[in-house]
Amino acid sequence: GRMLEVAARIPDAAARDQFADRLAHRARITEEVVRAEIKKAAAKRETAVAVLDRPKVGLDQVKTAEKGLIWALIHDPAAGSAAMAELDTEDLVGLATEPILAQARALQEWPADSLPQTLLERLNGMEARLVQEISRQSHPPGLPLDCVKAIKRLRYTRERAAVQREIDRLQEAGAATHETEIVALWDRKKTLLQLIAES
């Protein structure tokens, strides 16, 4: 189990950097600014996770979109897995079921029929119980692809808030000196608003 946890953490930094590159490229912002912001946010998150060592998650904290994906992974693993393929690491950040969905993403190449069992084996007791609780519902909480859209929308909303915070920070630091970065961030914000509207 330990090795799995260690392995699960490795791709994260790489995925984070890749995300930073995409973000920076799209917005033509200096990569350093974006990287530093993302690293800061990630560090904050990791400290929170380390301190609480995966907080207890009650069913009431789990969004319908997360329940829909988890339900599908157990009852219709082929569809659940196909939907998971549409998500990337950054989409899962901050979700109550992040460790569960991240584990499901890691099992993408797995044969569908053994996926539910394998997923449950790789989770800790609390996470496995949560999955079983969700899968006991007689009807799917949502269609897998609709759930993916909802999760992406959450991520874009979160990103938009981060971009807005950065705009505010630069404007306070002196709008004139940070004009190019602010313009680039505004572009990014416009893109995100469009993505939110479309999703």
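Predicted model: local features only at pLDDT ≥ 70, side-chain atom pairs only at ≥ 80, totals over all residues.
**Exercise 1.** Determine how helix 9 and helix 10 are oriented relative to each other.

*Solution.* Two packed helices are described by the angle between their axes and the distance between the axes. Helix 9 spans residues 144-174 and helix 10 spans residues 179-198. Their axes come within 9 Å and cross at roughly 160 degrees. Angles over 145 degrees count as roughly antiparallel; helix 9 and helix 10 are therefore roughly antiparallel to each other. The crossing of helix 9 with helix 10 is left-handed.

**Exercise 2.** Identify residues that form the contact of helix 9 with helix 10, and classify the contact.

**Exercise 3.** Describe the packing of helix 3 with helix 9.

*Solution.* Helix 3, residues 64-75, packs with helix 9 at an angle of about 145 degrees, and the axes are 8 Å apart. This crossing is left-handed. Helix 3 contributes Thr64, Ala65, Glu66, Gly68, Leu69 and Ala72, while helix 9 contributes Pro144, Cys147, Val148, Ala150 and Ile151. The classes in the contact of helix 3 with helix 9 are 8 nonpolar, 2 polar and 1 charged.

**Exercise 4.** State how many aromatic pairs the structure holds, and locate Arg122 relative to Trp110.

*Solution.* The count of aromatic pairs is 0. Arg122 lies over the face of Trp110, at 4.9 Å from the ring centre.

Terms used
Residues numbered from 1 in each chain as written. Heavy atoms only, no water. Axes fitted to C-alpha atoms, helices over the stretch in contact; angles between N-to-C directions. Helix = DSSP H or I, 4+ residues; strand = E, 2+ residues; numbered from the N terminus. Parallel < 35°, antiparallel > 145°, perpendicular 65-115°, else oblique. Left-handed = near helix turned anticlockwise from the far one by under 90°. Contact = heavy atoms within 4.5 Å. Nonpolar A, V, L, I, M, F, W, Y, C, P; charged D, E, K, R; others polar. Phe/Tyr/Trp six-rings, centres within 6.5 Å; stacked < 30°, edge-to-face > 60°. Lys NZ or Arg CZ within 6 Å of the ring centre and 35° of its normal.
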